[in-house]
Amino acid sequence: MVREKVRVSTRTLQWKCVESRVDSKRLYYGRFILSPLMKGQADTIGIAMRRVLLGEIEGTCITRAKSEKIPHEYSTIVGIQESVHEILMNLKEIVLRSNLYGTRDASICVKGPGYVTAQDIILPPSVEIVDNTQHIANLTEPINLCIGLQIERNRGYCIKRLKNFQDGSYPIDAVFMPVRNANHSIHSYVNGNEKQEILFLEIWTNGSLTPKEALYEASRNLIDLFIPFLHAEEENLNLENNQHKVTLPLFTFHDILAKLRKNKKEIELKSFFIDQLELPPRIYNCLKSSNIHTLLELLNTSQEDLMKIEHFRVEDVKHILDILEIEKHFA
């Protein structure tokens, strides 16, 4: 038994990319191997990685379009070949690349006749178009087409709801999944008296990130999901001793707010949005779900109220306080 443990502990896992190609601007392919693995480990890793690759990696999409000249989604506009619904579907397919958090505004303003493509979208600095040739509409007459757009970074699916249609603003089904497909396969072999395995991972992406970048991000996300288990025993021990509260910095929200109000910067705080703090996506989404959008709203929320937010942890409060302690944010 001891000999087996030593052999396993000295066995070094290695991975490498064995194939990488770009089939088009919106289709990247990569094939990777990980070895040597003990029997059963390849399937364990492969299944987990595939689920994370397809469900946990964030992407950027157009989630809303607005134009006062559009009466309803299924209407047609004189001088435009496509119906409004077809234009919305074309906008849904636009592939974007960004590291933004929260939402950003973009727009299209084109005069016909001519084709409207992705290159006609006026984007904020933090967003890029992956394929400028993607078709949006065909203007057959000299008319102006002006559409306001909302861009968001998220993960998974976001299905539009009828109640969200208002004032010429139309939500768009968003597929925040930069990984189009992921497969894993296993090659088994015998090394001496031991059965070992090689894991093959195949990843296809939409061009907003490479398969290697997707593999890195999926690995980090998977590690983050398991980290809480490493601290479970310590937390349970603290609970038994009624010491489960993590010590927070002495520099509290109240202190920060008092300091900023003393410097007469409350008006600035109302226009300072939390996405500018570069918070981790999970913390940002928790705050957003509780209608906390600006720095002033965040500072006006007590630490006790933050802890009442679903999926919010004590460590998250400490993380926010650490960011707020940096004086450059409030200079």
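This is a predicted model: local features need pLDDT of at least 70, side-chain atom pairs count only at pLDDT 80 or more; totals for chains, interfaces and linings use all residues.

Me: OK. What percentage of the residues is buried?
Reply: Of the 331 residues in the chain, 41% are buried.

Me: And the secondary structure, how many helices and strands?
Reply: You get 11 helices and 15 strands.

Me: What about contacts, how many of them join residues at least 24 apart?
Reply: Taking contacts between residues at least 6 apart in sequence, 70% join residues at least 24 apart.

Me: Let's do helix packing. What numbers describe two packed helices?
Reply: The angle between their axes and the distance between the axes.

Me: Then what are those for H2 and H4?
Reply: Helix H2 (residues 41–55) and helix H4 (residues 211–230) cross at roughly 105 degrees, and their axes come within 9 Å. That angle is in the 65 to 115 range, so H2 and H4 count as roughly perpendicular to each other.

Me: Which residues make the contact?
Reply: On H2 they are Ala48, Met49, Val52 and Leu53, and on H4 they are Ala214, Leu215, Ala218, Ser219, Asn221 and Leu222. Sorted by type, the contact of H2 with H4 has eight nonpolar residues, two polar and no charged.

Me: Now H8 and H11, what's the geometry there?
Reply: Helix H8 (residues 281–289) packs with helix H11 (residues 314–324) at an angle of about 100 degrees, with the axes 11 Å apart. H8 and H11 are therefore roughly perpendicular to each other.

Me: Who's touching whom in that one?
Reply: H8 puts in Arg282, Ile283 and Leu287, while H11 brings Asp316, His319 and Ile320. The residues of this contact of H8 with H11 split into three nonpolar, one polar and two charged.

Me: Switching to H3. Which of its residues are buried?
Reply: In helix H3 (residues 84–92), Val84, Ile87, Leu88 and Leu91 are buried. Looking down the axis of H3, its buried residues fall within an arc of 100 degrees, so they line one face of the helix.

Me: What covers the buried residues of H3?
Reply: The cover includes strands E3 (59–66), E5 (103–111), E9 (135–139), E10 (144–154) and E12 (169–171).

Me: And Ser83, where is that?
Reply: Ser83 sits in the loop between E3 and H3. Its relative accessibility is 16%, so Ser83 counts as buried. Leaving out residues up to four places away in sequence, Ser83 touches Ser75 and Thr76.

Me: Where does Asn291 lie, and is Asn291 buried or exposed?
Reply: Asn291 is in the loop between H8 and helix H9 (295–299). At 57% relative accessibility, Asn291 counts as exposed.

Methods
Residues are numbered from 1 along each chain as its sequence is written. Side-chain values use heavy atoms; hydrogens and water are left out. Buried means under 20% relative accessible area, exposed over 50%, partly exposed in between (1.4 Å probe, protein chains only). Helices (H or I, at least four residues) and strands (E, at least two) are DSSP runs, numbered from the N terminus. The arc is that of the directions from the helix axis to the C-beta atoms. Contact means heavy atoms within 4.5 Å. Axes are lines fitted to C-alpha atoms, for helices over the stretch in contact, and angles run from 0 to 180 degrees between N-to-C directions. Angles under 35 degrees count as roughly parallel, over 145 as roughly antiparallel, 65 to 115 as roughly perpendicular and the rest as oblique. Ala, Val, Leu, Ile, Met, Phe, Trp, Tyr, Cys and Pro count as nonpolar, Asp, Glu, Lys and Arg as charged, and the others, Gly among them, as polar.
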